[in-house]
Amino acid sequence: VLLGWLLSMLHDRYGQPCRLIGARPWCTQVFEGHPDVAQMWALDRHGSLFRRLDGWRALAALRRDQAPLYICETEPRRLGRVRRLLRLGGVDSRRCVFLSHQPFVRETHGGDRGTAFAQLTPPGLCAAGQLPGLPASGRCEPGAGRPTLRIADAERAACSNYIRARGWDRRPIVLVQTGNRRTMRPRRLRPPPADSKAWPVDRWAALLHRLHARMPEAVLVLCGAEREAALLNGIQSAAALTAVHTAPVPLRLLFALCGQAFGMISVDTGPAHAAAAVGLPLLVLFGEHSQRQWLPRSPLGTPVVGLGGPPTARRLCDLSVDDVFDAWLGLLERMSCET
């Protein structure tokens, strides 16, 4: 979702939407209907670059097109695979700009990082005098761009039917995102001990009781990917409240659900950024990663509250139930002040 800042700025600079080569199949779901993406190819993240048909299509596009390339990968091993794809595509390095080479890559917020990256121009375009447009000031201010998620009318209607079928349509829905990418790995029923974003099941259950006491009219929905169903069911069983439900749903349905919910409590993970992008007020719990770099931002100005992260906490386990509940009350206060 944070990539949306970069895509928005590049769309504005070059006057046409971007074509995107991604590393996971679900990338195509994130950017479905995205106004800044004209075409998308999803490669195999770990296997052969050409195991999927998209790999061959991306290679063909690299070979026939002379468009500038903005390389966002920064992890060294995966960056090696990207360079291999560029070599096979016969890509002139002067068409490329690498985020990994920039001094701001580990110092700024993900959105500002994309904005700064979008200001750079491949050396080949500079040499040819083909400089794309910039704002009148000559630079893009931090916070420019927009992390956009497009939800189609049909998706909203399907989500409304999903909500109505479960009897939630006349009650405020509070989403609780407990998992992260590590909890989606195959056959993993519990977060690994080294997962700094993991919070004990008993604390989630205690928090749900506090939320229910504060908002007895609300539906408390444990959301996540379908592969996280075991984790969600375990927390639901521990809470033993009729107001608590689980929603292990596909990604696009989760986006639409965020668009119709009252608020969200989430660990520091992708769905939190998606929720902010569609304007859902939320509380985000941080472990080892910095709020300064990763706190979601809402393009609609809806409140986003962060809790934890360096230097106050290095793991979610450092946060108590009282800490999280008090932060939720603070979010509710901000929401009431802004309505």
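Where does valine 82 lie? Valine 82 lies in helix 4. Helices here are DSSP runs of H or I with at least four residues, strands are runs of E with at least two, and both are numbered from the N terminus.

This is a predicted model, in which local features need pLDDT of at least 70, side-chain atom pairs count only at pLDDT 80 or more, and totals for chains, interfaces and linings use all residues. Residues are numbered from 1 along each chain as its sequence is written, and side-chain values use heavy atoms, with hydrogens and water left out.

Is valine 82 buried or partly exposed? Its relative accessibility is 23%, so valine 82 counts as partly exposed. Buried means under 20% relative accessible area, exposed means over 50%, and partly exposed falls in between (1.4 Å probe, protein chains only). Not counting residues up to four places away in sequence, valine 82 touches Ile71 and Glu73. Contact means heavy atoms within 4.5 Å. Leucine 49 is 33 residues from valine 82 along the chain, and their C-alpha atoms are separated by 9.2 Å.

Now take helix 4 as a whole. It runs over residues 76-88, and at 1.5 Å a residue its 13 residues should span 18 Å. The expected span is 1.5 Å times one less than the number of residues. The end C-alpha atoms of helix 4 are 19 Å apart, which agrees. Its buried residues are Leu79, Leu85 and Leu86. They cover an arc of only 110° around the axis, which puts them on the same side of helix 4. That arc is taken from the directions from the helix axis to the C-beta atoms. The cover over these buried residues includes strand 1 (18-22), helix 3 (53-64), strand 3 (69-71) and strand 4 (96-98).

Look next at the two ends. At the start of helix 4, a side-chain oxygen of glutamate 75 comes to within 3.1 Å of the backbone nitrogen of arginine 77. After helix 4 comes glycine 90, with a positive phi near 65°.

Elsewhere, helix 8 (residues 201-214) packs against helix 13 (residues 321-338). The angle is about 35°, and the axes are 10 Å apart. Axes are lines fitted to C-alpha atoms, for helices over the stretch in contact, and angles run from 0 to 180 degrees between N-to-C directions. Among the residues that meet are Leu207 and Leu211 in helix 8, and Phe325 and Trp328 in helix 13.

Finally, the whole protein. It has 13 helices and ten strands. Buried residues make up 49% of its 339 residues.

Methods:
Polar contact = N/O pair within 3.5 Å; in protein donor to acceptor, adjacent residues only side chain to side chain.
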